[in-house]
Amino acid sequence: MASFKWWQKAVFYQIYPRSFADANGDGIGDLPGIIARLDYLRDLGIDAIWLSPHYPSPLFDCGYDISDYTSVAPEYGTLDDFRRFLDGAHQRGIRVILDLVLNHTSDQHPWFLESASSRDNPKADWYVWRDGKGDGPPNNWQSTFGGSAWEYVPARGQYYYHYFFKQQPDLNWHNPEVKDAMFQAVRFWLDMGVDGFRLDAIGTIFEHPDMPDHPVPMTIGQLRHLGESARTEEERAECGRLWDAMFQYQHSRPEVHDLMRELRALVDTYAGDRVLVGEDDNLAYYGNGTDELHMVFNFPLMRTERLNPAWVRANQRERLRALAKISPDAWPCNTLGNHDSPRVYNRYGDGVHDAELARLHLTLLLTLRGTPFLYNGEEIGMTDLMLADIRQFRDVLGIWFYQAQVEELGVPPDIALQRAARLTRDKCRTPMQWANAPNGGFCPAGVEPWLPVNPNYAQGVNVAEQERNPDSLLNFYRRALRLRRETPALMVGDYVPLDTNAEDYLAFLRRTEGQACLVVLNFSERRLTLRATGEARVLLSSRAGGQGAGPSGVLRAGTELVVLPYEAVVLEWGGGAPRIRPARR
């Protein structure tokens, strides 16, 4: 245990600050609101916070269009508020990492305003500028958020490049002055004491230097419409192939690795094992295991309509083998949700056993080998909110998609609204539900929150009511997080798959030199029986009414434990390989 870093043993919890807690009653979450909830986070049992962007921003992309990298958005508070938040978290044993957006700035950043003013100003080469081709842009590249990736600026008579919205111009990282300025911002926060960074959109930092046209005969709007209309696996695969072909020259350039090595070298000059986590699933960003990023996300685990034993087993087999080939120091990082993806509760639920599956999926995430990342609100079972009025949308991506469907493709407005509601990231960014009170306790009654609060706060999906219920999802999260923190095998042990052909359940061991834990996750409606081959002790069960163990939770050799449908069980395991089979009816 002593040889493992804090971030290998930690459970991270993502906070979307605009939606977490509103202290001043303006309908917008803020840093004082987070400070007031630090005890809640300590009691939940998380070890580290990933704070989504808190920087000043025009908010065209919900804070990922930054206009000042070394300050705090006024609606969130001040730098002094940030210091109080950071100190308060550290006093409670909670680390803090920040979002860091390297690819682009806001078009309102002073750097860009100066760069766009002429071709000969001191920052003229800080962004990606090109002359047009004929009467149009330099090439046919698309923005992933809609339309051309090029925007014309009359003052320069040139186009600038933007992978995302036109309000997010890409920085020119070939210019050493850009790197120096951005690395100064990195030092600013590290000097203050932050524990690392989650790096946004690292794959798009560099582009193909020759900027050739892509070969796809459609626009991004048409491609998104094709994807929305896809019904079969073959159709979805074809959309993925077209997407890769459309953006092949706009991401995953080899120059990114040089930059990551330089950033890692900078971070490693600071004491305290500061950490870099990449918003990417490309294992190449581990470098040799010690010279680029500390972790990248296992996003492939999420990319399924329904989690099942075969899917998880295959993911772990491929992912862990690939990491082992890089280095024994390459550490996994697992997640099932974030601010850009549907809520875990409804994404992987089946509409019937959602409560049981939410507990099973958490147990899965906390017992796989690697560092888990949670997203605020998961712990109370928050669900996506399907907005019913385009005027409620705040995510410009959703608004653009709606407009493109109606105006360019002729889709009826009601159908376009349904599709936009599924696409928009607003659905999973709604305010945290603290109580069965107006606005879910997020902000005062009579104040309009920045996004509507999901009305299911009144059906028990809130912190206050779940805290009082020992069988609530929130209290299961607390028990499971406490168990992981107290159990070395679950934090850092080896992963040993068992019964690798089983269709109904996933079983594996986590082992350290002095401890073994057996994890059994029943993904089916069938009961299972687990026969102990040595003495075993039940550490966690996700459902009341589990059978087979006495009051102490101890199983003797030869005794059986019944694993209920959709139950997750974690045992401290003695003896040989367990025998697991369907129970007799």
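Predicted model: local features only at pLDDT ≥ 70, side-chain atom pairs only at ≥ 80, totals over all residues.
Colleague: Let's start with helices: how do the axes of H7 and H13 cross?

Modeller: H7 covers residues 220–229 and H13 covers residues 396–408, and their axes come within 11 Å. The crossing angle is roughly 90 degrees. Angles of 65 to 115 degrees count that way, so H7 is, relative to H13, roughly perpendicular.

Colleague: And by class, what residues make up the contact of H7 with H13?

Modeller: On the H7 side you have Ile220, Gly221, Arg224, His225 and Glu228. They meet Leu397, Trp400, Phe401 and Gln405 in H13. Sorted by class, that contact has four nonpolar, three polar and two charged residues.

Colleague: Where is Asn439 found, and what is its relative accessibility?

Modeller: Asn439 is a residue other than glycine with a positive phi, near 60 degrees. It is found in the loop between helix H14 (413–423) and helix H15 (463–467). Asn439 counts as buried, with a relative accessibility of 16%.

Colleague: On to the rings: why is the pair of Trp111 and Trp126 edge-to-face?

Modeller: The count comes to 35 aromatic pairs, and this is one of them. The ring centres of Trp111 and Trp126 are 5.1 Å apart. Planes over 60 degrees apart get the label, and these are at 65 degrees, so the pair is edge-to-face.

Colleague: What parts does that pair tie together, and how many residues apart are they in sequence?

Modeller: Trp111 lies in helix H5 (residues 110–115), while Trp126 is in the loop between H5 and strand S4 (129–130). Trp111 counts as buried at 15% relative accessibility, and Trp126 counts as buried at 7%. The parts tied together by the pair are 15 residues apart in sequence.

Colleague: What angle lies between the planes of Trp141 and Tyr161?

Modeller: Trp141 is buried, with a relative accessible area of 1%. Tyr161 counts as buried too, at 0% relative accessibility. Trp141 and Tyr161 form an edge-to-face pair, 5.6 Å centre to centre, and the angle between the planes is 70 degrees.

Colleague: How many residues apart are Trp141 and Tyr161?

Modeller: Trp141 is in the loop between S4 and strand S5 (150–153). Tyr161 is in strand S6 (residues 158–161). The pair links distant parts of the chain, 20 residues apart.

Colleague: Which residues do ring pairs link into a cluster?

Modeller: Trp111 and Trp126 turn up again here, linked by ring pairs with other residues.

Colleague: What separates the C-alpha atoms of Gly193 and Val96?

Modeller: Gly193 is in the loop between helix H6 (176–192) and S7, and at 17% relative accessibility it counts as buried. Leaving aside neighbours within four places in sequence, Gly193 is in contact with Leu86, His90 and Arg274. Gly193 and Val96 are 97 residues apart along the chain, and their C-alpha atoms are separated by 8.8 Å.

Colleague: Last one: leaving aside neighbours within four places in sequence, which residues is Leu451 in contact with?

Modeller: Leu451 is found in the loop between H14 and H15. It is buried, with a relative accessible area of 0%. Its contacts are Leu387, Gln392, Arg394, Asp426, Arg429, Thr430 and Pro431.

Definitions and conventions
Residues numbered from 1 in each chain as written. Heavy atoms only, no water. Axes fitted to C-alpha atoms, helices over the stretch in contact; angles between N-to-C directions. Helix = DSSP H or I, 4+ residues; strand = E, 2+ residues; numbered from the N terminus. Parallel < 35°, antiparallel > 145°, perpendicular 65-115°, else oblique. Contact = heavy atoms within 4.5 Å. Nonpolar A, V, L, I, M, F, W, Y, C, P; charged D, E, K, R; others polar. Buried < 20%, exposed > 50% of the residue type's maximum accessible area, 1.4 Å probe, protein only. Phe/Tyr/Trp six-rings, centres within 6.5 Å; stacked < 30°, edge-to-face > 60°.
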